Amino acid sequence: MAVNLHNLRGKIAAAALVKGAAWNLSRLPRGRRTITATANRLHPQDAGEVTGSYRGLLAQLLRDVLPDDGTEVIYDPIAGLLSGTVTPTADLSALENSALENSARTHPGAGSLIALAAAYRKPYVGRYEDALHTYERAFAHNPADLRSVEGIINCGARTTFDWPRIWIAVETLLPSRGTFATETARQILAGLFSAHPDQRQLAQAIELITEQDSQQQDSQLQDQHQLLLEALSVRLQFLGQFAVGARVREHMARNRISELRGIPLESPLWLKHLLGAHVLLGQYQQAQRRAAAPRLTSRDPKTRVQLAKLRADVALVTGHPEPLQEHILQRAQQMPLPGEQRMRELAAGRRVAVVGPADTGDKLGDLIDSYDLVVRTRYQPEFVAQHREVMGTRTDIAYYSGRDLHAMLDEVNSAAEAGALQMVVARPFSAPLIAERPSWLRFARTEFGLYFRGAPLATQRILYDLLQFAPAEIALFNVDFFTGSTPYAADYRDRSSSFGPYSPMNDVVMVHDLLTEFRHTKAFQRTGLITAHGAAGQVLALTDEQYLQLLEAQSPLPQR
């Protein structure tokens, strides 16, 4: 039977109970053998059904309670890099994905197509338009499978930017009762998802949404489906309506808290969602209480590491970096990673300048060069040389997203060998894909885990990574949180600087969350270790409302 993602609350609780029973069984004599045999019998033959059927999910749930005695480096979305058994990667030349493609050709049901689309969509594969087409085929087979709807929203916004095409899937999320179920509401929302809504259409949609927002006693907006709220939030932000989009996302967080509160949780991943929702709403004390006593039914070693990581992240946003630093140091002693000790030598107790690529008008190059360590997004010596007064002259450490690194590998390698660059840091999910690593390359052990949705932007990723190594100070330069006249200084990137078809800037809304990044940076400042200079300091002194107003007034991202 295909997975149905409606009414998740009961399904999460049921899965937690099954997993808890399996965990208890695994501790009895012959229990692990029984669980392994049962999981093998349940495992679907069709590759597409492994994650697309209850049978496949149950088999995986049972395997999750078994110990992983592997010694290779694997990636976990909560804890980051751990020791375990490497599974086939999502490189589409690998056997696993050939099997997925064959399954989609021979058994083109929703499950096999969604599994293939998910592989195309992996960040280290990046075939987002292929993913979009495949999700649309899955949607045609089964419009009720919400995984295909989510994929169409995500990949459609990142590629074709064809909003009427995205609306075909989003419309199926509208409720059968309430204000959003009326024909008038459907027409208004369809207008919002037209290619270029005029001012009247946009005003009507905002009025409809804010009316639902204001009816607190009925909670009509909060009670809508998560995916519908996500689609509304991102569409509004792409149109420059950041404040209304942020309010819709806050209702998503309240929706998720209501869904997960008071039930046993099958996985720390659900705890991550719950904590992320509390943090998004600024409910730090509630997040601390949930992290301290989570309702998880399994306590295997991997789960314990995940819980410790989430608790350390909660402590960090309340101004206490020590639990995170201790957590990372303890894991480094248990499983050392290449480059990590060298990073500690470079950063611990040192004054570190983190230099962004924005054209802020600040001319603080000499101040940047006075720091012990200068860190940048990417290694681009020609770009830095052209902006010496603004950028300084040195680059000691460069951070990369993963795919950018492959494109600039030769230049980075030459700079590192010549001593012009001391280290390059890449994202942890890329680590299992690189067999031979040069001495100058380090993969971050983990990333901040309390995002309600999406992933960190480069600046926040760098700050979080540096905070793990107990620097004396982190100074932030040339960052304006997309409030300047251009996203980047001239010559930093040769690609589009605003939203639109196939623009890399679409990820700023679709994969990230500007208000969340702003809030998290302010939370990191509470550690007392981060100082912001120039435009960065001016923006971080704003309230949430002032920041959103500034985005709406002058951000270069929306096509105005």
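Let's start with helix 23, residues 458-467: nine of its ten residues are buried, so this helix is largely enclosed by the rest of the structure. Buried here means under 20% relative accessible area, with exposed over 50% and partly exposed in between, using a 1.4 Å probe and protein chains only. The buried residues are Thr459, Gln460, Arg461, Ile462, Leu463, Tyr464, Asp465, Leu466 and Leu467. Helices (H or I, at least four residues) and strands (E, at least two) are DSSP runs, numbered from the N terminus.

A quick word on the model. It is predicted, so local features need pLDDT of at least 70 and side-chain atom pairs count only at pLDDT 80 or more, while totals for chains, interfaces and linings use all residues. Residues are numbered from 1 along each chain as its sequence is written, and side-chain values use heavy atoms, leaving out hydrogens and water.

Now to helix packing. Two packed helices are described by the angle between their axes and the distance between the axes. The axes are lines fitted to C-alpha atoms, for helices over the stretch in contact, and angles run from 0 to 180 degrees between N-to-C directions.

At what angle do helix 11 and helix 12 pack? Helix 11 (residues 226-238) meets helix 12 (residues 242-260) at about 160°, with the axes 8 Å apart. That makes the two roughly antiparallel, a label for angles over 145 degrees; under 35 is roughly parallel, 65 to 115 roughly perpendicular and the rest oblique. Contact means heavy atoms within 4.5 Å, and among the residues making it are Leu229 and Leu232 of helix 11 and Val248 and Met252 of helix 12.

On the helix 15 side the contact includes Val305 and Ala308, and on the helix 16 side Pro323 and Leu324.

Next, the strands. Strand 1 (residues 72-76) and strand 2 (residues 80-84) run antiparallel and are joined by five bridges; two strands pair if DSSP finds at least two bridges between them. A hairpin of three residues links strand 1 to strand 2, and Glu72 sits opposite Gly84 of strand 2.

Last stop: Asn154, in helix 7 (residues 146-158). Is Asn154 buried or exposed? Its relative accessibility is 8%, so Asn154 counts as buried. Setting aside neighbours within four places in sequence, Asn154 is in contact with Arg121 and Met510.
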